[in-house]
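Please read the following with the sequence and the model side by side.

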2 protein chains.
Amino acid sequence: MRRLSDGVEAALHCALVLAGLGEGRVLPGKALAELHGLSESYLLKHLRALAEAKAIEAAPGPRGGYRLARPPAEITLLDIVEAIDGREPAFTCREIRQRAPGKSTNPCDYKMECFIKTRMLAAETAWREALRAQTLADLVADGEHLIGEHNSKAVAEFIAKAQR
Amino acid sequence: MRRLSDGVEAALHCALVLAGLGEGRVLPGKALAELHGLSESYLLKHLRALAEAKAIEAAPGPRGGYRLARPPAEITLLDIVEAIDGREPAFTCREIRQRAPGKSTNPCDYKMECFIKTRMLAAETAWREALRAQTLADLVADGEHLIGEHNSKAVAEFIAKAQR
Ligand code: FES
Ligand code: FES
């Protein structure tokens, strides 16, 4: 499998942070960038992609910032991955089955997808389903028992100051 | 998911052809290239990768060529995909969890893999398992009922002439 866009890691971490904001609060892109040690321009590109995919939304204006567009349990890891990395299959089929000397040139003989392609895409579906079966709510739950006290506190303090 | 190397399609189709050779027969790389409408140098690179991964083997010499290294039921789609595309995970983690202002700088606090990474890699495992659950024998069986009569005959004739 080729590499996913490295924006996926940032997008997932940002979405997790936004899942922890208080009711009605937003966090500026600048704060999200600082919190993850990333340049603001790099991160804004990915935040915009998340907003386009309607996983997060931007509140505009000087008191503006980002928040989740719906409850964490309704945002899957697949939503986030596809927002950043697209929905293109990883497997590339160039219809090489049609190229052998003497092969039929009648397009009707190739109406059915090549069975190799079918099997490769079925495997990708397993990956997508595994991502679809996990939501931001699962990450929130993980974070509650897997992030150490010191780090939870550091992030909570940063967010308390930076949120609007 | 980013694109797999486009050599994966060629490698799978070549392996399927080799699975159909008679006992003790081999097929030259040149014939495999012609059969798939690919340049020989492009294909040889991928055949070499398959041989390095011990999915196929090369019989040297003027009467040489390629054959499977073991029975089709013992060569999984994952064997072929990893031979061409490597075993690197698709998800890239740059440990951005460690970068927040005020975060612990003690490496012991990060001994456990980030739970976001854990979940992303688990999804990739689902993809790999789906590829591991399918073998060349499945492709052979597909081919028997899914390749039309005209095309089966064309390929069989080509192979009968080209095999050694
Ligand atoms: S023709 Fe593309 S996978 Fe078979
Ligand atoms: S630090 Fe890399 S995925 Fe969390």
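Predicted model: local features only at pLDDT ≥ 70, side-chain atom pairs only at ≥ 80, totals over all residues.

Residues are numbered from 1 along each chain as its sequence is written, chains are lettered from A and ligands numbered from 1 in the order in which they are written, and side-chain values use heavy atoms, with hydrogens and water left out.

Chain A has seven helices and two strands, in the order α-α-α-β-β-α-α-α-α along the sequence. The radius of gyration of chain A is 21 Å, well over the 15 Å that the globule rule gives for 164 residues, so chain A is more spread out than a compact globule. That radius is taken over C-alpha atoms, and the rule is 2.2 Å times the number of residues to the power 0.38. The C-alpha trace of chain A spans about 70 × 35 × 25 Å along its principal axes. Helices (H or I, at least four residues) and strands (E, at least two) are DSSP runs, numbered from the N terminus.

Strand β1 (residues 56–59) and strand β2 (residues 65–68) of chain A run antiparallel and are joined by four bridges; strands pair if DSSP finds at least two bridges between them. Glu57(A) stands opposite Arg67(A) in β2(A). Five residues lie between the strands of this hairpin, where Gly61(A) takes a positive phi near 95°.

Which residues touch the most other members of the largest nonpolar core? Among its 103 residues they are Met120(A) and Met120(B). Such a core is a set of buried Ala, Val, Leu, Ile, Met, Phe, Trp, Tyr and Cys residues joined through side-chain atoms within 4.5 Å. Not counting residues up to four places away in sequence, Met120(B) touches Phe91(B) as well as Leu4(A), Val8(A), Leu12(A), Leu77(A), Val81(A) and Leu131(A).

Leu131(A) is in helix α5 (residues 115–132) of chain A and counts as buried, at 0% relative accessibility. Buried means under 20% relative accessible area, exposed over 50%, and partly exposed in between (1.4 Å probe, protein chains only). Beyond four places in sequence, Leu131(A) is in contact (heavy atoms within 4.5 Å) with Thr76(A), Leu77(A), Leu78(A), Val81(A), Met120(B) and Ala123(B).

Two residues of chain B other than glycine have positive phi. Lys54(B), with phi of about 60°, lies in the loop between α3 (40–52) and β1 (56–59) of chain B and counts as exposed at 60% relative accessibility. Glu95(B), with phi near 55°, sits in the loop between α4 (77–85) and α5 (115–132) of chain B and is partly exposed, with a relative accessible area of 25%.
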